[in-house]
Amino acid sequence: MPVTVVRFNLVEPGATPASLSARYRAAVEMAAYADDRGITTVQTEEHHGVANNWLPSPFAFAGAVFGATRHIAVTVSAVIGPLHDPLRLAEDIAVLDLLSGGRLITVAGIGYRPEEYALFDVDWKRRGRLQDELLETVLKAWTGEEFAYRGRTVRVTPRPFSDPHPLLLVGGSSKAAARRAARLGLPFFPSAHLPELEAYYKDRLVEYGTEGWTMMPSAVTPLLHIAEDPDRTWAEYGEHFLHEARTYASWQSAEIRSAVKSAATTVDELRAEGVYRILTPDECVAQGLDHHVLHPLSGGMPVDEGWRSLHLFCENVLPRLKDLEG
């Protein structure tokens with residue numbers, strides 16, 4: 001069956017503490033509902049200091065999801081590695097791996113917003129070296145054995161549930177990221193459909209004598225919202241998708257390549273691009289996608305509308321995808 005993902009970044013421009021609390025609780029309830037109906041993955045991410053309240057703590061959110069679910073995986077895509085203390089990150093991921101029985105997938109990137117580094121007083125120019133240290137440290141920490149760290153001997157407990165360690169991928173769109181993944185024998189997660197970078201990664205695996213694999217976005221991976229009347233839904237809620245698209249666009253430079261990239265400045269332009277798609281259940285099935293990424297709370301989408309989209313997908317699309325696979 002095609003991979004099915006429900007994505008949450010909990011954005012809500014102009015939120016109050018009460019409204020944002022309701023959004024967080026709704027997201028956990030949506031994850032539980034999705035889990036009961038066989039959706040495979042919840043995807044979340046990390047950004048800091050954003051005026052629209054973008055989720056800054058993906059592992060805390062993942063813990064809430066694991067507490068409400070039994071089967072669904074949570075992918076943190078991506079954690080901004082250099083902003084984290086390596087030993088604490090190793091502990092946090094180990095605890096979540098134990099709690100979930102191995103359902104946590106972590107993609108470690110270095111980010112692309114210098115202001116996030118400034119917020120935490122981390123040197124932007126050292127981000128590559130900090131990422132190397134982080135990845136090397138967590139891999140050693142998860143063995144449960146003593147190792148040398150910053151001039152002293154340390155040991156991290158408890159050991160994770162997963163053997164040999166929780167699933168950890170190196171994310172990015174640069175050759176440096178591909179080299180880093182290959183050198184450490186970690187799987188590589190390009191941030192967009194980049195076959196030439198995958199080939200470069202495979203060559204580096206041979207060079208370093210390591211093993212790995214690539215989890216790469218499809219050439220087309222639209223963000224989906226399901227509605228009975230797409231025209232009406234675009235008219236009423238299109239501004240929420242545009243808000244997210246414009247936020248991403250404001251962060252990206254020529255060197256940043258992302259699976260979610262839009263040049264739209266109006267709702268009509270956004271609709272024409274196809275990065276965000278509002279589809280009827282029939283249209284969704286007819287797309288024939290390998291990956292279905294639902295984004296029910298995109299850009300501050302009202303919670304009730306998010307539930308309508310998720311219900312339509314789970315009740316009117318997902319069973320038909322299963323039938324097609326059968």
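Tutor: The model shown is predicted, and the questions below set its values against the definitions.

Student: What makes the protein as compact as a globular protein of its length?

Tutor: The protein contains eleven helices and eleven strands. Its radius of gyration is 20 Å, and the globule rule gives 20 Å for 326 residues; the two values are close, so the protein is as compact as a globular protein of that length. Along the principal axes, its C-alpha trace spans about 60 × 45 × 40 Å.

Student: How many of the residues are buried, as a percentage?

Tutor: Of the 326 residues, 52% are buried, the cut-off being under 20% relative accessible area. The accessible surface comes to about 14500 Å², and carbon and sulfur atoms hold 51% of it.

Student: Why is Leu169 called buried?

Tutor: The relative accessibility of Leu169 is 0%. Buried means under 20%, so Leu169 counts as buried. Leu169 belongs to strand 7, which covers residues 167-172.

Student: Which residues does Leu169 touch, leaving aside those up to four places away in sequence?

Tutor: Its partners include Ile105, Thr106, Val107 and Ala108, together with Pro187, Phe188 and Phe189. Trp213 and Met215 are also among them.

Student: Why is Ser298 called buried?

Tutor: The relative accessible area of Ser298 is 0%, and the limit for a buried residue is under 20%; Ser298 is therefore buried. Ser298 lies in the loop between strand 11 (291-294) and helix 11. Leaving aside residues up to four places away in sequence, Ser298 touches His240, Phe241, Glu244 and Tyr276.

Student: How do you know that the span of helix 1 agrees with its number of residues?

Tutor: Helix 1 runs over residues 17-36 and has 20 residues. At 1.5 Å a residue, helix 1 should span 28 Å.

Student: What do the buried residues of helix 1 pack against?

Tutor: They pack against strand 1 (3-7), strand 2 (41-44), helix 2 (58-68) and helix 11 (303-325). Among the buried residues of helix 1 are Leu20, Arg23, Val28, Met30 and Tyr33. Just after helix 1, Gly38 takes a positive phi of about 95 degrees.

Student: How many positive and negative side chains does the protein have?

Tutor: The protein has 32 positive and 43 negative side chains. The centres of the two sets lie 6 Å apart.

Methods:
Residues are numbered from 1 along each chain as its sequence is written. This is a predicted model: local features need pLDDT of at least 70, side-chain atom pairs count only at pLDDT 80 or more; totals for chains, interfaces and linings use all residues. Side-chain values use heavy atoms; hydrogens and water are left out. Helices (H or I, at least four residues) and strands (E, at least two) are DSSP runs, numbered from the N terminus. The radius of gyration is taken over C-alpha atoms; the globule rule is 2.2 Å times the number of residues to the power 0.38. Buried means under 20% relative accessible area, exposed over 50%, partly exposed in between (1.4 Å probe, protein chains only). Accessible areas come from the Shrake-Rupley method with a 1.4 Å probe; for residues, only the protein chains shown count as cover. Lys and Arg count as positive and Asp and Glu as negative; His and the chain ends are not counted. The place of a charge is taken as NZ of Lys, CZ of Arg, CG of Asp or CD of Glu. Contact means heavy atoms within 4.5 Å. The expected span of a helix is 1.5 Å times one less than its number of residues.
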